[in-house]
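Thanks for coming. Please look at the model while I talk.

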Amino acid sequence: MTAAQADLQIDRPGVADGAALWRIARDSKTLDLNSSYSYLLWCRDFAATSAVARDERGEPVGFITGYVRQERPDTLLVWQVAVDEAYRGRGLAASLLDQLVARVAAERGLSTLETTISPGNTASERLFTAFAERHGAPLEREVLFDTGVFPDGPHDPEVLYRIGPLSDVG
């Protein structure tokens, strides 16, 4: 943890955090924005596999949503990562990711981390590539969803980043 993060607390989100997570995602201008309802459900149903960073007042300033894949219970899929603009550039996303993966690994056991990233999302590409390097884990990339499968108009492809096996995440 860096000095800039010392006043931040990272823990599980609760339903009361849903509105703030929706706002942070909306204000990111890079994430696909889901309905506000979905963030409330996420904070209720997937809190154990998600993380929120809180400022000194307890207000959310960053988050990661994720879930354990039903068909691969040793795999955590990270859905969204977002940090409030005022807190960007301090390594908060990396701290959120490291702490979330360590917690889920300790509670459930993990061998693999997955996420999808649209080409050109350099911040996410760097975040997950650096995670793999920090933890000495191999990283594979492949297109998971090509442009043509999205029903709502033009959408960049989603590239699956598969990191694992994980051994040094605790």
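Helix 3 and helix 4 pack at an angle of about 50°, with their axes 10 Å apart, and are therefore oblique to each other. On terms: helices are DSSP runs of H or I of at least four residues, strands are E runs of at least two, and both are numbered from the N terminus. Axes are lines fitted to C-alpha atoms, for helices over the stretch in contact, and angles run from 0 to 180 degrees between N-to-C directions. Under 35 degrees counts as roughly parallel, over 145 as roughly antiparallel, 65 to 115 as roughly perpendicular, and the rest as oblique.

This is a predicted model, in which local features need pLDDT of at least 70 and side-chain atom pairs count only at pLDDT 80 or more, while totals for chains, interfaces and linings use all residues. Residues are numbered from 1 along each chain as its sequence is written, and side-chain values use heavy atoms, with hydrogens and water left out.

Back to the pair. Contact means heavy atoms within 4.5 Å. Helix 3 supplies Ala 93, Ala 94, Leu 97, Asp 98 and Val 101, and helix 4 supplies Leu 127, Phe 128, Phe 131 and Arg 134. By class, this contact has seven nonpolar, no polar and two charged residues. Here Ala, Val, Leu, Ile, Met, Phe, Trp, Tyr, Cys and Pro count as nonpolar, Asp, Glu, Lys and Arg as charged, and the others, Gly among them, as polar.

Now the other pair. The axes of helix 1 (residues 18-28) and helix 2 (residues 36-45) come within 8 Å and cross at roughly 125°, which makes helix 1 oblique to helix 2. This crossing is right-handed. Gly 18, Ala 19, Leu 21, Trp 22 and Ala 25 of helix 1 meet Ser 36, Tyr 39, Leu 40 and Cys 43 of helix 2. That contact has seven nonpolar, two polar and no charged residues.

On to pockets. A pocket is found on a 1 Å grid over the protein atoms alone, as an open set of points with protein on both sides within 12 Å along at least five of seven lines; a cavity is a set where a 1.4 Å probe fits but cannot get out, and lining residues have an atom within 4 Å of a point. Points are joined across faces, edges and corners, and a volume is the space filled by probe spheres set on them.

What is the volume of the largest pocket? About 760 Å³. It is lined by 29 residues, and the closest to its centre are Asp 32, Trp 79, Thr 116, Ser 118 and Glu 158. Strand 4 gives the most to this lining, with five residues. The lining has 13 nonpolar, 10 polar and six charged residues.

The second largest pocket has a volume of about 450 Å³. Of its 19 lining residues, Val 83, Arg 88, Ala 93, Ala 123 and Ser 124 are the closest to its centre. Helix 4 gives the largest share of the lining, four residues. By class there are 10 nonpolar, six polar and three charged residues.

Finally, the backbone. The peptide bond from Gly 164 to Pro 165 is cis, with omega near 10°, and Pro 165 is in the segment after strand 7. Lys 29, in the loop between helix 1 and helix 2, has phi near 60°, a positive value in a residue other than glycine.

Note on methods: A crossing is left-handed if the near helix is turned anticlockwise from the far one by less than a right angle, and right-handed if clockwise.
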